[in-house]
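Q: I would like to learn how to read a structural model feature by feature, with the general idea set out before each case. Could we work through one together?

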Amino acid sequence: MARSALAMAGRGPASSPARRELAQIRRSRPPPHAMMSSPDLAASPSPGTQELARHGRREAALPPGQARSSPPLTPSRAKTGRSLPHARTRPGPWGAMVAWGGWGPEGAGGSPPWLLGREPTPGHGLSCRPWPSLSHKTGGEGGLGKKPSPVEEATLHRVATSLQMYVDELPQMPKFFGYALNTGSPEPEIPPRFTCNNCICLRNVGSNRHSARPTIEVIRGVSTCVTWENHLPQSHVLPWDPTIPNATPKHGGVPTVVYLHGGVHPPKLDGSALAWFTSDFKETGSAWSRSTYTYPNVQQSGNLWYHDHALGLTRVNILAGLIAAYVLRDPAFDVKMNLPVGPEFDRHLMIFDRSFYKDRSLYLNYTGNNPTIHPRWRPEYFGEAILANGKVWPYLQVQRTKYRFRIINVSNARYYSLALTNGLSFTVVGSDSSYLASPVTTQRILLSPAETFDVVVDFCTATATESILTNNAPYPYSTGTQPDQLMGQAMKFIIKPGAPSPPDTSRVPASLAPSQAATIVGASLTRYITLYEYLSSANLPTHLYINVKSFHDPVTETPKSGSIEVWEVINLTGDNHPLHVHLATFQAIKVQHLVDEQGFLNCITSKNDAVACNVTGHATGPTLDIPAHERAWKNISKIEPGYKTTVDVRFNLVEENNAPYPFDVTSAPGYVYHCHILDHEDNEMIRPLKLVK
């Protein structure tokens, strides 16, 4: 991507058009006290009930290194039938966690910010209702005391189907700026202090401290200093599982650590799973070193997001709402592109699924699928309702003009295959934190968990006055259950008649950010990364490993800083896995089916060596097309089950002609790579990554 003088020097003036655009953006910022409401739990009736999976699992041999004890465990390539949990967790004071990520309610009528459950209000939404407290000190395993009453799958489904769709407008998330226009050009705000107070991240703690889910906007080449504080309560509102490796403080409290997803930064700023801390830093993880992170913002402009990354608790912390967007802008480049801009026409869509109790509090299963092994953990969380920006099935009124949507899938495990009704299509300009070389128009985009697509939609081409954002991705992806009518819709666009005001002067240029093509030529090393899922004697998942190793096993991936590697990722499970490599950018080159997969599985369970098992001879089946709109330098790659995916991995600034990182990336605590299905990541599908000089 082209660099501005500002980005190249890390300081200095932007062009006059760039200054005008920045000024427009900052003038349009919501007031500091802006607050967003909680999920307005609305849905339309739909027949039937959902299951987490409805297909069989075949037996498989045991890979080497099996470390779990009774009952005997086996790896699997197919999925098992998975019933929804049969018990509920009591709501607790951690509703503020939802507000931190943008999914908590406003303090309606002066109500406190730790509200999530909402009672129906005639004709509109749901009103705030506080959660009862929950004591961690007196609770049992997983922070819960007495086991709550069972909740059947049908009950959760009825809660969703009893609510009305398209009642509330899509919220616009508050925005904080990591720069100032003190002299007409961006400069760092020193110190732009962001803290978490009752799970709400903000700057300048004061009367506006309960502003929800702030998007942080920064400028390329201008560093942003963020102080992260933990003001979470003493106990967790959701049932966590103490039998999987997790951050467990000795004196109570909820551990957290913030990871800037897609960020390029030194290891100590990477939000290591072992860098967790509790309230007031009373206890910290082994990798914790600082409360203030100074993000260098050296990479190309694009879309990032920040979320919790605490060891073994990521799935429950993110489910509770520790998620928000982070936008990196390049003013000169943005002016050149002339894409839709401003708060009305340039918007985030953070999409995720959740289930709720009858009292509208957040649901997570209390009982695991293998309770004698893991009392709480289940292989995937699938909610009964789809939310966008914290609202359940919202609507957005749009003009007949072009809009830019930065769509981020922040679900724990659900994939979304999105399309628009009534003649509309997506023009994809970027994916994850990178722009495409040129725009791609498509009728459908598939988002894995943690994946981002940056799209332009031109509503003037609509054939009706409404358009539904639909979803048809099966769950688990890609061989699970098709979504029903309820989960087949995400939100509605209501298209206003008449000409747009102001007139639309934006465009989608024919060329965006030309960059290097992905290739295996010039790679310094080829690595083989094999994904396993283990089963109990009851044929149910127990844990997942990469290369038959756990997170705490010694590091085996040690790429050189500045290098280019080829990763051959072999998926021997029944799931599609979103591979995420911290620091690196990468691009899938080839996806090829494994022939005689069972024979390869039998060999590798014995030798744990893909080369010795002739993976090249097995990877001779049909290949899958990589969609043109996914051919960008990404931080998420979908790994198909039963296939070998060849990935070009860059440990450098690929958009700067493979320039080296401008800081030391070889220091402790290093980085990680993992599956971004959070339930998999938390149960060992994560490995350390240590760069060397």
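Q: How many of the residues of strand β29 are buried?

A: This is a predicted model, and its coordinates should be read with that in mind. In a regular strand the side chains alternate between the two faces of the sheet. In this structure strand β29, which spans residues 541-546, is mostly covered, with 6 of its 6 residues buried.

Q: Which way do strand β28 and β29 run, and how many bridges join them?

A: Strand β28, made of residues 525-535, runs antiparallel to β29, and 5 bridges join the two. Within this pairing, Glu533 stands opposite Leu544 in β29. The two strands form a hairpin with 5 residues between them, and in the turn Asn539 has a positive phi of about 70 degrees.

Q: Where is Tyr534 placed, and is Tyr534 buried or exposed?

A: Tyr534 belongs to strand β28. Its relative accessible area is 0%, and because buried means under 20%, Tyr534 counts as buried.

Q: What is the mean pLDDT of the chain, and over which residues is the pLDDT below 50?

A: The mean pLDDT of the chain is 80, and 75% of its residues reach 70 or more. Over residues 1-20, however, the pLDDT is below 50, and this stretch has 43 contacts in the model beyond near neighbours in sequence. Residues 77-145 likewise have a pLDDT below 50, with 270 contacts in the model beyond near neighbours in sequence. Where pLDDT is low, the predicted coordinates should not be read in detail.

Q: Turning to helices, which residues of α4 are buried, and what do they pack against?

A: An α-helix has 3.6 residues a turn, so residues three or four places apart point the same way. Helix α4, residues 153-161, is mostly covered, since 7 of its 9 residues are buried. Those buried residues are Glu153, Thr155, Leu156, His157, Val159, Ala160 and Thr161, and the elements against which the buried residues of α4 pack are β15 (346-356) and β16 (362-363).

Q: Which residues of helix α7 are buried, and what follows α7?

A: In helix α7, which covers residues 597-607, the buried residues are Glu597, Phe600, Leu601, Cys603, Ile604 and Thr605. After α7 comes Asn608, with a positive phi near 50 degrees.

Q: Is Met337 buried or exposed, and which residues does Met337 touch?

A: Met337 lies in helix α6, residues 331-337, and is buried, with a relative accessible area of 2%. Leaving aside residues up to four places away in sequence, Met337 touches Arg507, Pro509, Ser511 and Leu512. For Met337 and Leu512, which are 175 residues apart along the chain, the separation of the C-alpha atoms is 7.0 Å.

Q: How many cavities does a search of the whole structure find, and what lines the largest cavity?

A: Rolling a probe the size of a water molecule over the atoms shows where empty space is left. A search of the whole structure finds 15 cavities of 30 Å³ or more, and the largest cavity has a volume of about 130 Å³. Its lining comprises 17 residues, and those nearest its centre are Val264, Gln299, Ser433, Leu583 and Thr585. By class, the lining of the largest cavity has 6 nonpolar, 10 polar and 1 charged residues.

Q: How is the lining of the second largest cavity divided by class?

A: The second largest cavity holds about 80 Å³ of space, and its lining has 6 nonpolar, 3 polar and 3 charged residues. Among the residues that line it are Pro245, His309, Phe551, Glu681 and Asp682.

Q: Which strand supplies the largest share of the lining of the second largest pocket?

A: That strand is β32, with 4 residues of the lining; β32 (585-593) and β34 (637-639) each supply at least two. The second largest pocket contains about 310 Å³ of space and is lined by 18 residues, with Asp625, Ile626, Pro627, Glu630 and Lys638 nearest its centre. The lining of this pocket divides into 9 nonpolar, 3 polar and 6 charged residues.

Technical notes: Residues are numbered from 1 along each chain as its sequence is written. Side-chain values use heavy atoms; hydrogens and water are left out. On a 1 Å grid over the protein atoms alone, a cavity is a set of points where a 1.4 Å probe fits but cannot get out, and a pocket is an open set with protein on both sides within 12 Å along at least five of seven lines; lining residues have an atom within 4 Å of a point. Grid points are joined across faces, edges and corners, and a volume is the space filled by probe spheres set on the points. Ala, Val, Leu, Ile, Met, Phe, Trp, Tyr, Cys and Pro count as nonpolar, Asp, Glu, Lys and Arg as charged, and the others, Gly among them, as polar. Buried means under 20% relative accessible area, exposed over 50%, partly exposed in between (1.4 Å probe, protein chains only). Two strands pair if DSSP finds at least two bridges between them. pLDDT is the predictor's confidence in each residue, from 0 to 100. Contact means heavy atoms within 4.5 Å.
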